[in-house]
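Hi everyone, thanks for coming. I have one model to walk you through today, so let me put it on the screen.

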Amino acid sequence: MATQEQDFLALVKQINLLDMNLTLIDWDSHTNLPQDGASFRGELTGYISGQELALRTGKAMGQFLDYFAAHPAELDEKGQQVLRLVKKDYDLNHDIPAEDYAAYQQVVSDAQQVWEQARVAQDFSLLQPYLEKIVAFKKQFIPYWKRGQATDYDVLLDQFEPGMTVAQLDPIMDTLKAGIQKIQRTLATRGTQPRTDFMSRAVPEDVQERLVRATVSRLGYDFKKGNLSRSTHPFTVALNRGDARITNRYGIHDFQMALLGGIHEAGHGLYMQNFNPDYDYTPLADAPSMGLHESQSLFNEIFIGRNAAFWQGEYGRFQQATGDIFTDIDEATFYQGFMATKPTMIRTEADPLTYPLHIIVRYELEKALFNGDTTVAELPALWRQKYQEYLGITPANDTEGILQDIHWAGGDLGYFPTYLLGQIYAAQFYHTMSQTLPVNDILASGDYSKITQWRKDNIHWFGASLTPQALIKQVSGEALNPQYWLDWMTATFEKAYQVTK
Ligand code: ZN
């Protein structure tokens, strides 16, 4: 006779199989779906999502949670880790009145359509009533979700970065704000502005794609367990560790976007290809948080892809792959141009030094919304004010300002900080790795397998079995510390800008 644990894991596996189905549909929808298939596809997705949600929040799941609350000793270690994640998901979805949740989903669906229209009209006021409803729903749901968090905004942060709080984030944001300004002053007063004209030279898209394929393979992404397609916005989806797919986009005059974008997605893919096989068919086969997921893509993109030692080995290959396009540009000139930093209006186009400032603006606005310090109507003015204060630029209209991201219209409030946390985790991992591996020599050699192995052994293998706090502590021996990020950025940008002492 099967034990309660086996029955429980069998239910969890059913949910996981439906998830794989949804993931495959999602990938197909963004890469291959014919135009006229969209409405049928919406119905299919809705049907399977409904079945999946019914299993996650249904009576059978509730009975297992009650049973194991009374008989915790009947679960082994893995069973307990699965239970922790399943229970969190159940609690998040179970207590909200079903009709309120359906109404919320309808608003979010409408808001994303309206967001597109508002962008065309360059007018935030079109989106405003929808965003007001989304915020009102979130405020209504927060008491159901609250599990001892100090502030309402902490409840939202916890949904994307479990355990993260305003009390932890505020000092991190302040440290970064001051540190970034200091680096910018140094570069402006003692640095040499790099030459960047060659960065927009035409590189055929198929050449860029071949380059991305070869580079991400060397960085450990396994094409037997994934593939590379084209889509409007790059993304990664994983059905399981044997099937973690990435996509990319190409612009003939922006080889850097394609190269770093591909390297970024391959970092997500590498993570998903290397979980402990014991975690198959469970929510343990995932990153512990959005920030940690992003830490592996940003490790690739920034701490390898923007590393001078990496380009020492790669630039010869890059020159060869691109024919005679860059024969007149030497490695130092190339790297300096590659690292040019300048405030941009659009978050997704920002370089790694100014990127955190975009997140800090969004974090401060979200926090103010949920702590009752501001209203949705006041957001555009606050947005312009903070962009001027932190980045020294003011958007000409709402489309290049507050309407640039879909997150808020999609109901993802509390999500933005995970992008920045990803950079900070990545810097701390990189620092720890440098204590035991000769990282610069490895990067310059072009054989990155030792780095890939270190990441698999120390991070990927554990999946979501540890909390974010436990994982960073286990790997680095300390809690999240933004100083490693600042140290790396200071050294890297001072080198690229040839700062004189
Ligand atoms: Zn990413």
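Some ground rules before that. This is a predicted model, where local features need pLDDT of at least 70, side-chain atom pairs count only at pLDDT 80 or more, and totals for chains, interfaces and linings use all residues. Residues are numbered from 1 along each chain as its sequence is written, and side-chain values use heavy atoms, with hydrogens and water left out.

Now the spaces. We work on a 1 Å grid over the protein atoms alone: a cavity is a set of points where a 1.4 Å probe fits but cannot get out, a pocket is an open set with protein on both sides within 12 Å along at least five of seven lines, and lining residues have an atom within 4 Å of a point. Grid points are joined across faces, edges and corners, and a volume is the space filled by probe spheres set on the points. I'll also name helices, which are DSSP runs of H or I with at least four residues, numbered from the N terminus.

How many cavities of 30 Å³ or more are there? The count comes to one, and the largest cavity has a volume of about 70 Å³. Among the residues lining that cavity are Trp-115, Phe-124, Arg-362, Trp-383, Asp-405 and Trp-408. Helix α6, residues 124-145, gives the most to this lining, with three residues. For classes, Ala, Val, Leu, Ile, Met, Phe, Trp, Tyr, Cys and Pro count as nonpolar, Asp, Glu, Lys and Arg as charged, and the others, Gly among them, as polar. On that scheme the largest cavity is lined by ten nonpolar, no polar and two charged residues.

Next, the second largest pocket, which holds about 310 Å³ of space. It has 16 lining residues, and those nearest its centre are Asn-307, Tyr-430, Asn-440, Trp-488 and Thr-492. Two or more lining residues come from each of α12 (308-321), α16 (417-436), α17 (439-445) and α20 (483-496). Of these, α20 gives the most, with six residues. The lining of this pocket splits into nine nonpolar, five polar and two charged residues.

While we're on α20, have a look at Trp-485, which lies in that helix. Is Trp-485 buried or exposed? It is buried, with a relative accessible area of 0%; buried means under 20%, exposed over 50%, and partly exposed in between, using a 1.4 Å probe and protein chains only. Setting aside neighbours within four places in sequence, the contacts of Trp-485 include Leu-176, Phe-303, Pro-352, Gln-423 and Ala-427, where contact means heavy atoms within 4.5 Å. The side chains of Trp-485 and Gln-423 are also joined by a polar contact of 2.4 Å. By that I mean a pair of N or O atoms within 3.5 Å; within protein, one must be able to donate a hydrogen and the other to accept it, and residues adjacent in sequence count only if both atoms are side-chain atoms.

On to α19, residues 468-476, whose buried residues are Pro-468, Leu-471, Ile-472, Val-475 and Ser-476. Down the axis of α19 these fall within an arc of 100 degrees, so they line one face of the helix; the arc is that of the directions from the helix axis to the C-beta atoms. Their cover includes α11 (290-304), α16 and α18 (449-458). Just after α19, Gly-477 takes a positive phi of about 80 degrees.

In α13, the buried residues are Phe-334, Tyr-335, Gln-336, Gly-337 and Phe-338, and they pack against α10, α12 and α20. Gln-336 has a relative accessible area of 17%. Beyond four places in sequence, Gln-336 is in contact with Pro-194, Ala-496 and Gln-498.

Last stop: backbone angles. Most residues other than glycine have a negative phi. Which value does Gln-122 take for phi? It is near 50 degrees, a positive value, and Gln-122 sits in the loop between α5 (98-121) and α6. Gln-122 is partly exposed, at 42% relative accessible area. Tyr-281, in the loop between α10 (255-272) and α11, has a positive phi too, near 65 degrees. At 36% relative accessibility, Tyr-281 is partly exposed.

That's my tour, and I'm happy to go back to any part of it.
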